[in-house]
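This report concerns one protein model. The sequence and structure are shown first.

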Amino acid sequence: KAVVHSHQELKQQVEYLLEEWQQAALVEDFIGGQEYRVSLWGNAELEVLPLMSVHYPQAADPSLAFQDYDTKWDESRMHFEIPARVKPHVKTHIEKVAKATYRATGMRDYGGIDLRLRGDVPYILDPNHNPDISEVSYIVRMAATLGYDYGGVLARIVRLAATRRVRHHAHASSP
């Protein structure tokens, strides 16, 4: 019910939210289209890991589906493809937008960005500065396609943080 298609449905949904939650409702344009997860790591130099596409096979209209609370904790409601099949020029555009988002939002060491394509244009849904790094997390799955095991992913993130910290302290102590 979070996605509405008419002014009347919008009015009903906002009234429901105001009554149920006793707080303001956020109304925004729903970006339908293919969903991707982008994981990046680095600081001065950024590396984009292989893209992951997210599919919602149970959805009546996959372009209108999204990861709700129930779906987040029940992966049988989603299907992931790593690396995602995407046109080379679109992949390049996604990576450029993801890197710009990473830098603009002040991400450090590693991060994740959820986005959707409307046509061939990527729209950022959620920049995540501290995404899950458990053994089954998205970044671990993406890094596995490059040959990293779980310990290797954690070691890489720790090295990035340590290098950034040393570089920061070296600059801070310079006259």
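The sections below cover the overall fold, the nonpolar cores and one aspartate.

## Basis of the model

The model is predicted: local features need pLDDT of at least 70, side-chain atom pairs count only at pLDDT 80 or more, and totals for chains, interfaces and linings use all residues. Residues are numbered from 1 along each chain as its sequence is written, and side-chain values use heavy atoms, without hydrogens or water.

## Overall fold

The protein contains 5 helices and 6 strands, taken as DSSP runs (helices H or I, at least four residues; strands E, at least two) numbered from the N terminus. Their order along the sequence is α-β-β-β-α-β-α-β-β-α-α.

Of the 175 residues, 32% are buried (under 20% relative accessible area, with a 1.4 Å probe and protein chains only).

## Nonpolar cores

A nonpolar core is a set of buried Ala, Val, Leu, Ile, Met, Phe, Trp, Tyr and Cys residues joined through side-chain atoms within 4.5 Å. The largest has 16 residues, and W41, L49, V54, I139 and V153 have the most contacts inside it. At least two residues each come from β3 (52–55), α4 (138–144) and α5 (150–172); α4 gives the largest share, 4 residues.

A second, separate core has 15 residues, including V38, L51, L115 and L117.

## Residue D114

D114 lies in strand β5 (residues 109–118) and counts as buried because its relative accessibility is 16%. Its side chain forms a polar contact of 2.7 Å with that of R37 (a pair of N or O atoms within 3.5 Å; within protein, one must be able to donate a hydrogen and the other to accept it, and residues adjacent in sequence count only if both atoms are side-chain atoms).

Terms used
Buried means under 20% relative accessible area, exposed over 50%, partly exposed in between (1.4 Å probe, protein chains only).
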